[in-house]
Amino acid sequence: MTTSVTTTDILDLARDKVLGRGEGLNYDELVQVFQLPFDRNEELLKLAHDVRLKWCGEDVEVEGIISLKTGGCPEDCHFCAQSGLFDSPVRAAWLDIPSLVDAAKQSLKSGATEFCIVAAVSGPDERLMQQVEQAIQAIQSEVDINVAVSIGSLTQEQVDRLAKAGVHRYNHNLETARSHFPSVVTTHTWEHRMSTLEMVKEAGMEVCCGGILGMGETVEQRAEFAVQLQELDPHEVPLNFLDPRPGTPFAGREPLPAEEALRAIGAFRLALPKTMLRFAGGRELTLGDLGAEQGLLGGINALIVGNYLTTLGRRAETDVDMLGKLRLPIKALNATC
């Protein structure tokens with residue numbers, strides 16, 4: 001049974017339910033948050049920040065990412081410049097293991113406690129699995145950092161191998177609401193992604209699963225997506241904002257307005273009060289410096305530093321300086337949310 005409230009009192013309800021009891025808002029309640037006028041953003045973000053401080057603490061987790069295999073992916077994710085099906089400027093390339101170790105060291109120097117190895121594939125073949133296993137071993141022998149992996153859909157045998165290799169967290173984004181997914185990807189299903197996430201969770205690895213906002217979804221579908229993430233209960237949810245890439249089907253889309261992105265950040269925190277909510281790709285384009293600060297004081301408690309997979313981010317030092325300015329401590333290794 002859902003609670004019927006009006007737009008004028010939805011944040012009062014959230015103060016009691018989310019801040020007071022640590023329970024995420026349901027679908028109907030989230031729709032109303034997503035429909036709040038922008039002049040209530042300040043109130044929403046203040047509440048989201050209070051929720052984050054109460055249920056996750058003040059620490060911010062910093063993560064670095066690197067692409068082991070870039071480009072040439074056979075999937076048709078309409079937002080992605082790494083698809084081999086689109087006429088994008090990204091071309092296939094591989095990194096060697098010494099380069100991955102060096103990148104992990106640089107991430108550690110920036111304050112990161114998590115380093116994610118990413119590959120643009122549907123799922124790993126045996127060559128990639130072996131290279132990832134070797135990379136994890138090499139990094140763990142030289143760098144005091146948690147290793148995360150994102151290499152597409154997995155079989156049970158591959159999940160077990162990654163868990164045995166010491167993967168701390170596995171990233172596999174659902175990308176968007178189940179109802180909107182066919183408008184974003186046609187070469188595989190939302191359910192196919194979910195099956196990998198369920199196996200990863202069962203194997204004991206932390207689950208990292210989020211998506212991209214601004215891909216033509218309705219506010220109702222944003223609420224649907226938030227609730228579907230609630231049901232999955234991942235350790236971490238990366239929030240990306242569409243950065244339209246040349247040559248992709250979404251190249252002509254306008255970036256999400258900053259006010260809309262900030263409202264979404266607050267809404268996702270009210271849906272997921274105890275989950276790590278991470279700034280990911282597109283924040284620079286969508287929010288700029290001021291908006292990034294507002295997000296970190298509006299529910300966000302993690303961020304990717306440095307460059308993303310095919311787009312440039314901000315310098316790691318710039319983000320670390322921003323955290324210092326906002327007096328937000330960087331999370332220590334092995335600390336928990």
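The model is a predicted one.

The largest nonpolar core holds 96 residues. Those with the most contacts inside this core are Ile-139, Ile-151, Leu-162, Phe-268, Leu-270 and Phe-279. Helix H9, which covers residues 258–271, supplies the largest share of the core, with eight residues. Leu-162 shows what such packing involves: once residues up to four places away in sequence are set aside, Leu-162 touches Met-129, Val-132, Ile-151, Leu-154, Val-167, Tyr-170 and Met-205. Ile-151, one of these partners, is also among the core residues with the most contacts.

Helix H4 comes next. H4 runs over residues 97–109, 13 residues in total. From its first C-alpha to its last, H4 reaches 19 Å, which is close to the 18 Å expected at 1.5 Å a residue. Its buried residues are Ile-97, Leu-100, Val-101, Ala-103, Ala-104 and Ser-107. Seen down the axis of H4, these buried residues fall within an arc of 160°, so they line one face of the helix. After H4 comes Gly-111, whose phi is positive, near 105°.

The cysteines can be considered together. A disulfide is a covalent bond between the sulfur atoms of two cysteines. In this model the count of disulfides is zero. Cys-208 is in no disulfide, because the nearest cysteine sulfur, that of Cys-116, is 6.9 Å away, whereas a disulfide needs two sulfur atoms within 2.5 Å. Cys-208 is buried, with a relative accessible area of 5%. Cys-56 also counts as buried, at 12% relative accessibility, since the cut-off for buried is under 20%.

Cys-56 leads on to Thr-275, with which it is in contact. Thr-275 is found in the loop between H9 and strand S9, the latter spanning 276–279. Is Thr-275 buried or exposed? With a relative accessible area of 6%, Thr-275 is buried. Apart from its neighbours within four places in sequence, Thr-275 is in contact with Pro-234, His-235, Glu-236, Val-237, Arg-269 and Asn-301 as well as Cys-56.

Methods. Residues numbered from 1 in each chain as written. Predicted model: local features only at pLDDT ≥ 70, side-chain atom pairs only at ≥ 80, totals over all residues. Heavy atoms only, no water. Core = buried A, V, L, I, M, F, W, Y, C linked by side-chain atoms within 4.5 Å. Buried < 20%, exposed > 50% of the residue type's maximum accessible area, 1.4 Å probe, protein only. Helix = DSSP H or I, 4+ residues; strand = E, 2+ residues; numbered from the N terminus. Contact = heavy atoms within 4.5 Å. Expected span 1.5 Å × (residues − 1). Arc of directions from axis to C-beta.
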